[in-house]
Amino acid sequence: MDRPTPLLRRAKQVYETEGLVALLRRSLALAVTPFFRRDTYYLWGNTTSAARDLNEADFRPSIEGLTLRAVSSNRDADELEAEGLRFRSYSTRFDASEALDSGAIAFCIFVGKELANIAWLALTQKAKDSLHEAPFLVDFSRGQAWTGGAWTNPRYRRRGLQAYNNFTRFDFLQKRGIALDVGSIRKGNVASQRANAQFAGRAYAEGRYLRILWWRSWKERPLGPPPKLDICRITQVD
């Protein structure tokens with residue numbers, strides 16, 4: 001029997017974790033997205049030094065069988081699958097294989113063999129573009145990184161997984177001399193806003209994205225002064 005296509009695997013994953021209503025909603029959004037998309041975001045900034053004086057143990061959830069893995073290549077993803085850790089089956093609006101080939105890094109939290117939480121990190125414009133998120137400016141040349149594509153399995157929401165992922169990611173960046181992590185959070189996503197606020201993060205602008213067929217519009221409204229940029233340069237990540 002032929003193996004299921006990536007789209008069918010994603011549909012199965014959404015059905016198993018979020019139910020039939022969520023699957024129908026996602027299917028409708030997938031059908032409409034190529035023609036129309038409208039979102040409102042908060043643009044969020046976190047100084048990565050916020051993780052420097054914090055203890056990992058204070059953020060690691062007490063969930064049995066929890067492991068965190070950073071995936072920076074398709075080879076890493078294949079190794080996870082060989083271990084029985086289900087990475088490629090989770091649902092995304094972008095091509096995860098293309099994102100990894102473009103330099104994006106996925107910080108994944110597993111509970112047993114199941115993906116419980118994920119957030120994507122980009123250190124270059126090419127990596128950010130591969131994730132098809134809000135098109136706001138990130139100054140990668142001056143010590144900024146970008147985070148997006150965060151998702152928590154409904155079975156493990158409100159357990160502190162996103163905050164733990166944030167701590168691990170900020171620690172990773174801070175040790176590499178990257179001063180600021182920025183991202184966009186949908187206005188209604190209060191849980192992600194709270195997880196970022198634990199690390200002295202703040203929303204500095206509201207962004208509105210509209211796409212109709214090939215026409216695109218992005219508008220920002222400041223909510224305060226932009227995050228201060230250090231002059232740190234991005235270093236090569238092994």
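Helices (H or I, at least four residues) and strands (E, at least two) are DSSP runs, numbered from the N terminus. The model is predicted, so local features need pLDDT of at least 70 and side-chain atom pairs count only at pLDDT 80 or more, while totals for chains, interfaces and linings use all residues. Residues are numbered from 1 along each chain as its sequence is written, and side-chain values use heavy atoms, with hydrogens and water left out.

Strands are said to pair if DSSP finds at least two bridges between them. Strand E3 (residues 105–111) pairs with E4 in the antiparallel sense over 7 bridges, and cysteine 108 has isoleucine 118 of E4 as its bridge partner. The two strands form a hairpin with 2 residues between them, and glycine 112 in the turn has a positive phi of about 65°. Buried means under 20% relative accessible area, exposed over 50%, and partly exposed in between (1.4 Å probe, protein chains only).

With 12 of its 14 residues buried, H6 is largely enclosed by the rest of the structure. Among the buried residues are Tyr164, Phe167, Arg169 and Phe170.

Asparagine 46, in strand E1 (residues 36–47), counts as buried at 1% relative accessibility. Its side chain reaches the backbone oxygen of asparagine 196 at 3.1 Å.

Most residues other than glycine have a negative phi. Histidine 132, however, has a positive phi near 55°; it lies in the loop between helix H5 (125–129) and E5 and counts as partly exposed at 42% relative accessibility. Arginine 158 has a positive phi near 65°, sits in the loop between E5 and H6, and is exposed, with a relative accessible area of 83%.

Finally, leucine 213 lies in the loop between strand E7 (202–212) and strand E8 (215–222). At 41% relative accessibility, leucine 213 counts as partly exposed.

Key. A polar contact is a pair of N or O atoms within 3.5 Å; within protein, one must be able to donate a hydrogen and the other to accept it, and residues adjacent in sequence count only if both atoms are side-chain atoms.
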